[in-house]
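Subject: Structure handover

Hello,

Here is the structure you asked about, with the sequence alongside. My notes follow below it.

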Amino acid sequence: MEHKRRSKIIDVLKSKSFGSEILIKGWVRTKRGNKNINFIALNDGSVIHNLQVVVEVARFDENLLKQVTTGSCISVKGTLVESMGQGQHVEVQAKEIEVYGTADPETYPLQKKGHSLEFLREIAHLRPRTNTFGAVLRIRHAMAYGIHKYFNDHGFCYIHTPIITGSDAEGAGEMFRVTTLDGDNPPRLPDGHLDYTQDFFGKETNLTVSGQLEAELGAMALSLVYTFGPTFRAENSNTPRHLAEFWMIEPEMAFYDINDNMDLAEDFLKFLMQYALDHCMDDLEFLNKMYDNELIDRLKSVINSRFERLTYTRAVEILMASGQSWEFPVSWGADLQAEHERYLVEKHFGKPVILTDYPRDIKAFYMKQNEDGKTVRGMDVLFPKIGEIIGGSQREENLDALMRRIQELHIPEKDVWWYLDTRKFGTAPHAGFGLGFERLILFVTGMANIRDVIPFPRAPKNAEF
RNA sequence: UCCUCCUUAGCUCAGUUGGUUAGAGCAUCUGACUGUUAAUCAGAGGGUCGCAAGUUCAAGUCUUGCAGGGGGAGCCA
């Protein structure tokens with residue numbers, strides 16, 4: 001029995017083997033034509049472009065062709081030919097068509113005409129079949145691969161940190177509880193509190209808000225490590241830049257100080273932008289045309305710019321001298337507001353900015369304390385359009401200094417004894433940062449809402465699909 | 001969570017100072033057309049105006065509450 005292998009449309013479109021027999025499979029985007037000839041635009045997700053299938057109506061059963069509608073899935077055997085029409089170089093002259101799955105045109109939600117992104121969010125199970133989400137998902141894949149490639153090529157070891165954590169000391173926000181206790185009738189202690197000793201892990205557990213503390217443990221053995229996994233925040237954040245479930249990349253490097261950390265962050269981001277330009281140009285051109293006319297120029301400009309590095313203190317001086325009127329006043333010691341960051345990145349410098357040496361009271365306990373007693377060696381990378389894309393720091397490796405901070409902030413020592421042990425046994429200067437994967441994808445795709453760069457977004461009041 | 005705007009046909013929207021039978025484009029269906037490119041042309045079908053209550057002779061339109069969504073802010077990645 002003859003068995004022919006399916007060709008991917010991305011390869012067919014590049015092929016010049018005119019006259020050869022090929023087999024293609026995919027989903028119908030549109031069908032048009034007249035009673036003599038039909039044109040089917042077929043897409044299999046391998047590339048944003050469709051392959052045109054030419055159907056001589058007389059050669060096929062009428063009922064078969066009736067089933068070929070927008071959204072249906074078909075298999076086509078035919079001859080690869082040079083296109084007689086405009087708009088494409090190659091097309092397939094159909095000889096056999098098999099319908100795998102019909103799609104009732106009366107009820108299939110996707111039309112050949114464009115849909116709003118808001119509507120597509122309501123049909124997230126079908127939106128990968130659109131040009132936009134095909135492009136976003138291919139870019140998202142390329143960025144995930146590029147991240148692993150970058151770290152692998154630079155001698156980093158990929159560490160899998162736990163999704164379920166028994167520590168609530170990470171201090172990165174509200175957590176989702178993980179439990180097998182009976183929600184209707186949970187065991188309670190005499191004082192009324194839940195009795196977690198009867199829970200699955202014998203203690204209170206949550207979904208992770210960061211893999212950083214565990215990544216630091218890895219860096220204290222393997223020197224260069226990174227995590228890349230899901231992260232969960234139970235914050236009631238309703239913005240185009242926040243998700244309850246998102247993916248984060250967290251490299252952690254022994255023997256790096258904050259300047260090494262900044263060098264890595266800048267080089268890493270530029271590598272990823274270049275990787276997108278090198279491997280996703282078809283998709284970027286589509287997004288550039290449909291959503292953001294400056295997208296490709298912006299990616300190139302980031303690659304070619306030197307990120308501006310300055311201290312928080314210097315940034316405050318610039319903001320106070322700017323003559324701008326702020327909704328929130330600028331003062332040393334207060335966290336910078338979105339409007340302040342945007343001014344620095346988009347107006348004052350016109351390129352990515354890395355702010356360092358923040359007041360210690362507005363930053364996490366693990367950041368390396370400076371000699372001035374007021375600031376810590378934190379760093380935030382601020383990007384145009386999306387704001388903070390990376391947050392990181394040199395870590396406090398001195399046990400006494402770290403202990404003082406933990407006591408000041410009333411962090412229970414019993415929860416972080418294992419973290420403190422790294423400072424007790426062979427401590428080393430080290431640094432790291434966290435990159436929000438979806439924020440990276442936002443920047444690289446030019447999409448405006450973070451719910452449109454993850455297949456199935458999780459956000460307050462939204463866990464469908 | 002706060003501020004603000006929105007919710008009318010499958011989709012995107014219009015709907016006047018409250019007034020009789022709620023409109024358009026696209027999509028869908030039927031027909032026409034010998035190579036189309038978001039094909040084109042002609043015709044047809046398609047609505048509990050987000051949900052609930054209230055004001056009024058009369059509510060898509062005004063008021064209140066609730067739900068969902070967009071934008072901005074906070075929290076952050």
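Two strands are said to pair if DSSP finds at least two bridges between them. Please keep in mind throughout that this is a predicted model.

Strand 14 and its neighbours

By that rule, strand 13 (residues 353-359) pairs with strand 14 in the antiparallel sense, over 6 bridges. L355 is the residue opposite D380 of strand 14. On strand 14 there is also antiparallel pairing with strand 15 (residues 387-394), again over 6 bridges. Here M379 has G392 of strand 15 as its bridge partner. Strands 14 and 15 make a hairpin with 3 residues between them, and K385 in the turn has a positive phi of about 75°.

Strand 14 itself (residues 375-383) is mostly covered, with 9 of its 9 residues buried. In a regular strand the side chains alternate between the two faces of the sheet. In strand 14 both faces are covered: T375, R377, M379, V381 and F383 are buried on one side, and V376, G378, D380 and L382 on the other.

D380 also takes part in a salt bridge with K363, with 3.2 Å between the closest N and O atoms. This pair links distant parts of the chain, since K363 is in the loop between strand 13 and strand 14, D380 is in strand 14, and 17 residues separate them. Both K363 and D380 are buried.

Other salt bridges

The structure holds 29 salt bridges. One of them joins D452 to R127, whose closest N and O atoms are 3.3 Å apart. D452 lies in the segment after helix 13 (437-445) and R127 in the loop between helix 3 (117-122) and helix 4 (131-153), so this bridge ties together parts 325 residues apart in sequence. D452 and R127 are both buried.

A local case is E408 with R405, at 2.6 Å from N to O. Both are in helix 11 (residues 399-408), 3 residues apart, or about one turn of the helix. E408 is partly exposed at 39% relative accessible area, whereas R405 is buried at 6%. There is also a salt-bridge network that links D263, E266, K270, R306 and R309.

Aromatic rings

How many aromatic pairs are there? The count comes to 22. F271 and Y275 count as tilted because their ring centres are 5.9 Å apart and their planes stand at 35°. The two residues are 4 apart in helix 6 (residues 258-279), which separates them by about one helical turn. F271 is partly exposed, at 25% relative accessible area, while Y275 is buried at 9%.

Y312 and Y358 form another tilted pair, 5.5 Å centre to centre with 40° between the planes. It links Y312 in helix 9 (residues 312-320) with Y358 in strand 13, 46 residues apart. Y312 is buried at 0%, and Y358 is buried at 1%.

Ring pairs also join Y145, Y150, F151, F156, Y158, Y226, F268, F271, Y275 and F433 into a cluster. Two rings have a charge over them: K374 sits over W332, 5.3 Å from the ring centre, and R423 lies over the face of Y419 at 4.2 Å.

Surface

I163, I164, F200 and F201 form a nonpolar surface patch with about 390 Å² of accessible area together. F200 is in the loop between strand 8 (177-178) and strand 9 (205-207). Its relative accessibility is 60%, so F200 counts as exposed.

Regards

Note on methods: Residues numbered from 1 in each chain as written. Chains lettered and ligands numbered in written order. Predicted model: local features only at pLDDT ≥ 70, side-chain atom pairs only at ≥ 80, totals over all residues. Heavy atoms only, no water. Buried < 20%, exposed > 50% of the residue type's maximum accessible area, 1.4 Å probe, protein only. Patch = residues over 30% accessible without salt bridge, like charges linked within 9 Å, V, L, I, M, F, W, Y side chains within 5 Å. Areas by Shrake-Rupley, 256 points an atom, 1.4 Å probe, with all protein chains shown as cover. Salt bridge = Lys/Arg side-chain N within 4 Å of Asp/Glu carboxyl O. Phe/Tyr/Trp six-rings, centres within 6.5 Å; stacked < 30°, edge-to-face > 60°. Lys NZ or Arg CZ within 6 Å of the ring centre and 35° of its normal.
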